[in-house]
Amino acid sequence: MEFETIPTVPTADEVLDRSLRRAAAKKKLKTNVDGANEEFVRAVASAIHDKLKSVVSSFPSFERLSPFYQEATDILVSLDRIKRSLGAVTWAADRVRVIGSGYTRSMRSAGETDRKRRQAVARMASVVHQVEDDLLFLNEARNILRKLPHVSEDEFTVVVAGFPNVGKSSFIRLVSTAEPEIAAYPFTTKGIIVGHRDTGKRERIQFIDTPGVLERPADERNPIERQAVSAIINTADAVLFILDASEHCGYALDDQVRLLDEIRLLVDVPVVTVVNKADIRGIEGYPAMSTLTGEGVEAMLDLLLTYRKEATRTSLREPPQPENQQ
Ligand SMILES: Nc1nc2c(ncn2[C@@H]2O[C@H](COP(=O)(O)OP(=O)(O)OP(=O)(O)O)[C@@H](O)[C@H]2O)c(=O)[nH]1
Ligand SMILES: [Mg+2]
């Protein structure tokens with residue numbers, strides 16, 4: 001995944017310390033004082049410039065990322081803010097280079113190289129400090145984004161969705177390689193979790209566990225819920241919507257069904273509905289399962305697999321046709 005390879009973003013002081021140390025080593029190579037000062041300024045400027053530029057280029061080009069990663073970045077850290085900070089750091093890199101070459105030129109022609117060396121370093125340090133907050137922000141963003149899981153765009157993908165506490169993670173844990181936390185309170189899952197299940201020699205299903213979503217206006221949803229909606233819209237070939245008719249999850253069945261209706265309108269892939277916790281209560285007319293007893297789970301997997309064939313057929317058709325809704 002693109003974010004995993006971003007190295008730690010240095011602080012402003014780290015950029016300066018490293019660059020000054022590197023330049024001091026180069027200065028020692030010159031015996032003449034003026035030549036040494038000029039070399040020092042040139043080396044500091046180029047070390048700072050290169051370090052700042054390497055920070056910028058270690059971030060992926062966001063326009064080229066899949067819609068899911070673009071939206072996840074926006075929800076978790078704000079795409080605008082990242083772009084602004086990357087722009088500020090690029091500005092600082094260029095500015096330092098201009099200051100460096102201005103001073104080295106004037107040192108060659110007009111002497112006073114000790115004073116000019118000190119002045120040049122102070123001006124470059126001030127530019128780097130101007131982007132101090134941007135560097136700190138980029139490091140925070142890097143730490144958040146690198147935790148995003150790898151979501152493959154080429155695999156048949158089932159996104160498991162529903163209200164909090166209905167048993168989404170219990171299902172994912174039972175049927176896939178993922179081991180999400182399970183607990184008897186809502187919003188246990190706070191981000192997207194990916195697991196796989198082999199279904200043949202070279203075939204597997206990519207399962208995505210999502211945080212619970214409440215039935216409320218989209219602009220009132222918190223970032224945790226918005227990540228779930230984004231995964232549903234951007235990654236699903238099929239959605240498995242889990243209802244909890246026992247209402248042990250703490251939410252009314254009517255509200256859960258309203259969310260189901262909203263999700264059906266949001267996506268044009270099949271939405272398969274299942275009533276979990278059937279060991280406590282099922283509802284007439286809906287497939288039932290219990291992740292506790294295992295009842296109905298295999299049948300649900302078989303049903304989901306029938307949509308893989310449909311997803312493959314659809315992706316071969318041009319232009320894409322609307323899917324049947326389940
Ligand atoms: N009786 C019964 N309890 C279940 C079943 N499936 C899950 N639970 C319980 O329901 C609670 C919530 O399960 P989770 O799998 O964490 O639910 P979730 O939908 O992932 O919850 P969030 O991540 O908070 O949205 C846990 O206490 C589970 O043990 C089931 O089939 N029967
Ligand atoms: Mg969960």
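Select Asp-94 to begin: this residue lies in helix H4. The model you have open is a predicted one. Asp-94 has 14 C-beta neighbours inside 10 Å, so it counts as partly exposed. Asp-94 and Lys-30 are 64 residues apart in sequence and 26 Å apart in space.

**Along H4 to the next loop**

Follow the helix to its end and pick Gly-111. Where is Gly-111 found? It sits in the loop between helix H4 (79-110) and helix H5 (113-130). Is Gly-111 buried or exposed? Gly-111 has 11 other C-beta atoms within 10 Å, so it is exposed.

**Zoom out**

Now show the whole protein as a cartoon. You can look for 10 helices and 5 strands. The radius of gyration is 28 Å, well over the 20 Å that the globule rule gives for 326 residues, so the protein is more spread out than a compact globule. Along the principal axes, the C-alpha atoms fill a box of roughly 90 × 40 × 30 Å. Of the 326 residues, 39% count as buried. If you take the contacts with a separation of 6 or more, residues 24 or more positions apart account for 68% of them.

**Two domains**

Colour residues 2-145 one way and residues 156-316 another. These are domain 1 and domain 2. How far apart are the centres of domain 1 and domain 2? Taken over C-alpha atoms, 46 Å separate them. Where the domains touch, 6 residues of domain 1 are in contact with 7 residues of domain 2. The side of domain 1 that touches domain 2 has 5 nonpolar residues, no polar ones and 1 charged residue.

Next, look inside. In soluble globular proteins, nonpolar side chains tend to be buried together. Here, the largest nonpolar core has 45 residues, and Val-160, Val-239 and Leu-240 have the most contacts inside it. Highlight strand S4 (residues 238-244), which gives the most to this core, with 6 residues. Apart from this core lies another, of 36 residues; Leu-16, Ala-72, Met-124 and Leu-138 are among them.

Click on Val-239 and show what surrounds it. Beyond its neighbours within four places in sequence, Val-239 is in contact with Val-159, Ala-161, Ile-232, Ile-263, Val-267, Val-269, Val-271 and Val-272.

From there, move to Thr-273, in strand S5 (residues 271-276). Thr-273 has 20 other C-beta atoms within 10 Å, so it is buried. Which residues does Thr-273 contact, leaving aside its neighbours within four places in sequence? They are Phe-241, Leu-243, Leu-260 and Tyr-286.

**Two loops with a positive phi**

Select Glu-247, in the loop between S4 and helix H9 (253-266). Its phi is near 60 degrees, a positive value in a residue other than glycine. Glu-247 counts as partly exposed, because it has 18 C-beta neighbours inside 10 Å.

Then jump to Asn-165, in the loop between strand S1 (156-162) and H7. Asn-165 also has a positive phi, near 70 degrees, and is a residue other than glycine. Is Asn-165 buried or exposed? With 21 C-beta neighbours inside 10 Å, Asn-165 counts as buried.

To see the buried ones, select Lys-168, Ser-169, Phe-171, Ile-172, Arg-173 and Val-175.

Finally, show ligand 1. There are 23 residues around ligand 1, and those that come nearest are Gly-167, Ser-169, Ser-170, Thr-189 and Gly-212. Which element gives the largest share of the shell around ligand 1? It is helix H7 (residues 168-175), with 3 residues. Colour the shell by class to finish: it has 10 nonpolar, 10 polar and 3 charged residues.

Technical notes: Residues numbered from 1 in each chain as written. Chains lettered and ligands numbered in written order. Predicted model: local features only at pLDDT ≥ 70, side-chain atom pairs only at ≥ 80, totals over all residues. Near = placed C-beta within 6 Å. Helix = DSSP H or I, 4+ residues; strand = E, 2+ residues; numbered from the N terminus. Nonpolar A, V, L, I, M, F, W, Y, C, P; charged D, E, K, R; others polar. Core = buried A, V, L, I, M, F, W, Y, C linked by C-beta atoms within 7 Å. Buried ≥ 20, exposed ≤ 12 C-beta atoms within 10 Å, placed from the backbone. Contact = placed C-beta atoms within 7 Å. Rg over C-alpha atoms; globule rule 2.2 N^0.38 Å. Domains from an automatic or database assignment.
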